[in-house]
Amino acid sequence: MNICVYCGSNSGKNPKFKQMARQVGRAIAKKGDVLVYGGSMGGMMGAAADACLEAGGEVVGVMPSLLTDKEIAHNGLTKFYETKDMEERKNKMMRISDAFVILPGGFGTLEELYDTLSASQLGIHKSPIAIFNIDGFFDPILDMMDRVVSETFAPDLDRGLILWVDSTEEMYQEIESFVYQVGKKYVG
Ligand code: AMP
């Protein structure tokens, strides 16, 4: 499987975040899967990639030209795709990935999460999306989902598009047993 990891281009101040990024990278390598990510060498992103490579795994980076100097591109990856813009990057990552894993990050990560979630809701992809809610970092997203459902902007069933996980073992269990199901979207 190609597992796409979305997380911060910075490390954040909670050391558990980077530790988990490394554990995810290692787990992907151990499983013989491929880690797909944004191609940066720093922050949480770099930590996940480095851990995967150090454990003998394969890592594919996808980065738009406009970012290759802002976010220093990792030069030790198995494969590196340069895209013309952010849109092409996201589309490429979505197209080549079989599952998505979200770890803490900034606005870019949140955008990637919502983009992946809304694409799943529309059936553009039907792959699992696992979130590591480390120290409750993503609790506000959970609250927002509850609010969206209670206000009837999304069917209750669609909550199941997101898998909430705490460990890499759970991540794999949940990803492997995921069954794509969406509720009927109503208009009006
Ligand atoms: P961040 O979580 O903000 O550190 O960003 C994580 C990754 O998302 C980085 O590779 C950013 O370049 C990328 N990113 C930033 N803004 C966006 C956006 N609007 N859409 C998609 N990705 C973004």
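Hi everyone, let's start at the ligand: one of its oxygen atoms sits 2.9 Å from a polar backbone atom of Gly 108. Before I go on, please keep in mind that this is a predicted model.

Gly 106 also takes part here, with a backbone N or O atom 2.7 Å from a ligand oxygen. Glu 112 contributes through its side chain, where a polar atom lies 3.0 Å from an oxygen atom of the ligand. How much of the ligand does the protein bury? On its own the ligand exposes 480 Å², and the protein buries 79% of that.

Now for the wider surroundings. There are 16 residues around the ligand, and the ones that come nearest are Ser 9, Glu 71, Gly 106, Thr 109 and Glu 111.

Let's move on to the sheet. You can follow seven strands in the order E4-E3-E2-E1-E5-E6-E7; the sheet is open and the pairing is parallel. Which strands form the edges? They are E4, residues 79-83, and E7, each of which pairs on one side only. Ignoring direction, neighbouring strands of this sheet are turned by 25° against each other on average.

Strand E1 covers residues 2-6 and strand E5 covers residues 99-102; the two run parallel, joined by four bridges. Within E1 and E5, you'll find Tyr 6 standing opposite Ile 102 of E5.

Which helix lies across E1, E5, E6 and E7? That's H6, residues 168-177, and it runs at about 155° to E7.

The loop between strand E6 (129-132) and helix H5 (139-150) holds Asp 135. Asp 135 has a positive phi of about 50°, although it is not a glycine. Is this residue, Asp 135, buried or exposed? Asp 135 is exposed, with a relative accessible area of 51%.

Thr 152 is not a glycine either, and its phi is positive at about 60°. With a relative accessible area of 49%, Thr 152 counts as partly exposed, as the cut-off for exposed is over 50%.

Technical notes. Residues numbered from 1 in each chain as written. Predicted model: local features only at pLDDT ≥ 70, side-chain atom pairs only at ≥ 80, totals over all residues. Heavy atoms only, no water. Buried < 20%, exposed > 50% of the residue type's maximum accessible area, 1.4 Å probe, protein only. Pairing = 2+ DSSP bridges. Axes fitted to C-alpha atoms, helices over the stretch in contact; angles between N-to-C directions. Contact = heavy atoms within 4.5 Å. Near = heavy atom within 4 Å. Polar contact = N/O pair within 3.5 Å; in protein donor to acceptor, adjacent residues only side chain to side chain. Areas by Shrake-Rupley, 256 points an atom, 1.4 Å probe, with all protein chains shown as cover.
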